[in-house]
Amino acid sequence: MNNQQSTELLFELSKPGRRCHRLPACDVPETRPVSDLLPANHLAATSPSLPEVAEIDLIRHFNNLSTRNMCIDTNFYPLGSCTMKYNPKRHERWATSPGFANLHPLQEDDTCQGMLELLYEMQQYLCEISGLHAVSLQPAAGAQGELTALFVAAAYFRDIGQNQRKRVLIPDSAHGTNPASAALAGFEAIKIKSDTQGLVDLEDLKKHLDDRLAVFMITNPNTLGLFERQIQTITDLIHAYGGLVYLDGANMNAILGITRPGDFGADMQHYNVHKTFTGPHGGGGPGSGPITVRQHLAPYLPTPIVVREGDRYRLDYNRPKSIGRVRSFFGNVGILFRGYCYIRTLGPDGLKAVSENAVLNANYLLARLKHAYEIPHGDRCMHEFVASARLLRREKKISAMEICKRLLDFGYHAPTVYFPLVVPEALMIEPTETESKETLDAFADTLLKIREEPAEFLQKAPHTLSISRPDEVKAAKEPILRWKPAVG
Amino acid sequence: MAYLLNTADDQREMLARIGVQSIEELFAPIPASIRLNRLLDIPPALTEIELSARIQELAGRNQSTSEAVCFLGGGAYDHFIPAVVDAIVSRSEYYTAYTPYQAEASQGSLQAFYEYQTLICQLTDMEVSNASLYEGGSAVAEAALMALNIREGRREILVAESVHPEYRQVLATYMANLGVTIVTLPTPDGFLDPDTVTKAISDRTVGVIVQHPNFFGFLEEPEAVTQIAQKHGALSIISFDPISMGLLKRPGQYGADIAVAEGQCLGTPLGYGGPYLGIMACREEYVRKIPGRLVGETTDRNGKRCWVLTLQTREQHIRREKATSNICTNQGLFALRAAVYLTALGPQGLRETAELCLRKAHYAADQLTQLPGVRLQYQRPFFKEFTLSLPVNVEVLLVRLREQGYFAGLPVGRWYGPQLSQALTLAVTEKRTKAEIDGLAKAVEHQLAQAMPVMR
Ligand SMILES: Cc1ncc(COP(=O)(O)O)c(C=O)c1O
């Protein structure tokens, strides 16, 4: 992390004439000049002004830069809601085998039966784990899964002649992608209050139930790490008013093999394969956000879907009621592939043990911290919990952000801060099951220690990293979003 | 159990500290009535050795592009990937990190994404690039959403029929609930005639979408279309091929408003369709309407140059239902691939790659159009991909060619209907050799001779 090398930009390293990748000579006859093959009005006068560097420049640059990242492979990364669990190395090896990595998305089904079999089995597993009946592996991430499901809901209501259902109800503790997806699918997003326990406020929910109701989006366990105990009552109510229940599956890591969304009344859900089934997060992506739905919604799923006929697999495009597509080609197959490997490695007992240990680890950490940090929503949780620095801030002028920044000095990635919005000064902590008691103890000890440090010291943290407290206001006020050569 | 760490002793100590008797007790909030009282019905656990065998077995049932000679394109191309790309993206400092929310702990990713944004601006001559979208199809839809946002009140989008059919499907799906009319402009001559745009455009039009080169591989007239669009207050949205930027005019040079692309060709393996990379760049004036993450330069409290996520008030976690997009997780690692790839090639390498593609594609077209009854489907200039009209049904031909080890091209009639049932679209990258192209031409010649003895 303290590597001070190579903080120059690639463009500043560039020197005309340096090269890295070289191309072979052209082996077909060059009978005509380029200007004969392409009309002059289409040709650029010069090549793009890309940087010019040698191979070793490139390698040193990006390798040195990489040391300025925290990542799961070097640091505990308890980023709430993101399920930063260990990413097995075997997946990386298998995913790069040519038999999978070098398949063209439009090659014929006959030539990729192994790929289709894997995807077909993945479809089956995801249905079984959610207790729902049909699946689309197409969405590229959780947010696109939400959007896809809402497109499905819109198509369904159109199909059954209930176009007036234009409202999507969303608890105030929900992730920002929920209301954003609702708006993009043409719905009106309506906020439902949380009660004092952090659960859906049933009274407020009831006020919004009428024939304008389309979908209720719920995260369960919710973003406070609490299981919505009344889920069955809630889903019954939604159904009684003709609405659909959508489960935001970002928190599936808490309930694998314990309870299934289909069994508690969800009609649709997305998975974040990159979270629950450990696709590496890639510094921001890729993800994969497949959705599962109840039988009556299956006709509206995007195309294609893998079907099995005897011992052959094929992509089925012939689905007349389908919403169409949300992206080109099949989906984020590389992440689905890793999710498949993970499910096969753990099996049914293993997946259940994942959730048990994720919940155990979170509760243990909560127990170690609850006397020093305010935990507004009780002293038990599922796979994550939300602490609040509200009192610390009032009493000692220590904000959630300061605690996060100071944690970095100790080699811990920070929890998610200032989310969910229903908790002031929120610190959302998700340890995951791939961490040991020793790691959790050391992390808890650190948080207890930080709490006792002077506010002025914390306000300047981190003290040991390559940079500290970037000026975000300046970045937004006069945005510099690209390097430009100095003029003159 | 794989990847789990707590020993029985650990668990006991932890439970004692929590103050419960069993792990089961922690699940008390989940009512018994909805508990799954059986194990999940999925196959039993496999060790690394066992699963490795299973994966190899499945891989063995795929015929990959490393075993066949690949002329397939249609948005995903068999370009060469220099080893440096894989070397860098396989560093776990990059691939096991997440979105750089904590700037101090993420300068590596942040600087790399800032470099990516700059490289995309250089590649396109556009002013602003975001840090990635999912892939080329949803990038087109996001561009349309962005245009709707910029030209509020206008609700009609014009799109050329020669745009990738899957991208148009994505566009239609995204627009289906927003009261937007999509007008598909016919391209009977293999490109969008600017006059067609002039006739269709009105003050209701929010944007015109063109793919250049288009799905058939042929060049469009993006400059003329851009001028027509802008004259009517509509936005010009261009889906471009990043490799073509080594030769062709760049969207920024002819004044495009939004440029989008599938970035797979920039160092990403074919991978059966994903993860890929959605590229989006726009004019500076639209920066507050662009979807997705943006990395910006700033200074830290000691005055040191550094990078942060910025202009986040556009995004879902702040603006919720009013956000410019719902995107959260993006394709960061594939933006890194593109950054390394573009840097490894440099201006010279990109130009040479583009020129090799151009020459080899033209050589292939020359060889194939010498065969009886084979001609270019449209008389238009092309870059690395082109569409032939053959004297036979191409579906049958493709099966035969596959048996001889060629993925010979895309039967575009599948997307465009029976009038193109004899059309075949071939992509030729810098990886294809003269011998491979000659081999394909021979194999096609042989098949045509068999199919049409009378024509000999
Ligand atoms: C609760 C919740 N819902 C939805 C999402 C969106 O998922 P993704 O980032 O994969 O699009 C996230 C993750 O960021 C989340 O935490």
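A salt bridge here is a side-chain nitrogen of Lys or Arg within 4 Å of a carboxyl oxygen of Asp or Glu. By that rule, the side chains of Arg90(A) and Glu48(B) form one, at 3.6 Å from N to O. This is a predicted model, in which local features need pLDDT of at least 70, side-chain atom pairs count only at pLDDT 80 or more, and totals for chains, interfaces and linings use all residues. Residues are numbered from 1 along each chain as its sequence is written, chains are lettered from A and ligands numbered from 1 in the order in which they are written, and side-chain values use heavy atoms, with hydrogens and water left out.

**Chain A against chain B**

- Contact (heavy atoms within 4.5 Å) brings together 211 residues of chain A and 192 residues of chain B.
- About 17600 Å² is buried between the two chains, with 61% of that from carbon and sulfur atoms; buried area is the accessible area (1.4 Å probe) that two parts lose on being put together, summed over both.
- On the chain A side, His42(A), Leu50(A) and Leu481(A) lose the most area to chain B, yet together they make up 5% of what that side buries.
- The Arg90(A)–Glu48(B) pair belongs to an interface with 15 salt bridges.
- There are also 107 residue pairs in polar contact between the chains, both residues at pLDDT 80 or more. A polar contact is a pair of N or O atoms within 3.5 Å; within protein, one must be able to donate a hydrogen and the other to accept it, and residues adjacent in sequence count only if both atoms are side-chain atoms.
- Helix α12 (residues 333–369) of chain A gives the most to the side that touches chain B, with 28 residues; helices (H or I, at least four residues) and strands (E, at least two) are DSSP runs, numbered from the N terminus.

**Two domains inside chain B**

- Chain B splits into domain 1 (69–78 + 346–455) and domain 2 (83–341), with bounds from an automatic or database domain assignment.
- Their contact takes 27 residues from domain 1 of chain B and 34 residues from domain 2 of chain B.
- The C-alpha centres of these domains lie 29 Å apart.
- Between them, about 2500 Å² is buried, 66% of it from carbon and sulfur atoms.
- Tyr378(B), Arg380(B) and Tyr416(B) supply 29% of the area that domain 1 buries against domain 2, more than any other three residues.

**What links the domains**

- Two salt bridges are counted between the domains of chain B.
- Arg380(B) also meets Glu221(B) in a salt bridge, side chain to side chain, at 3.0 Å from N to O.
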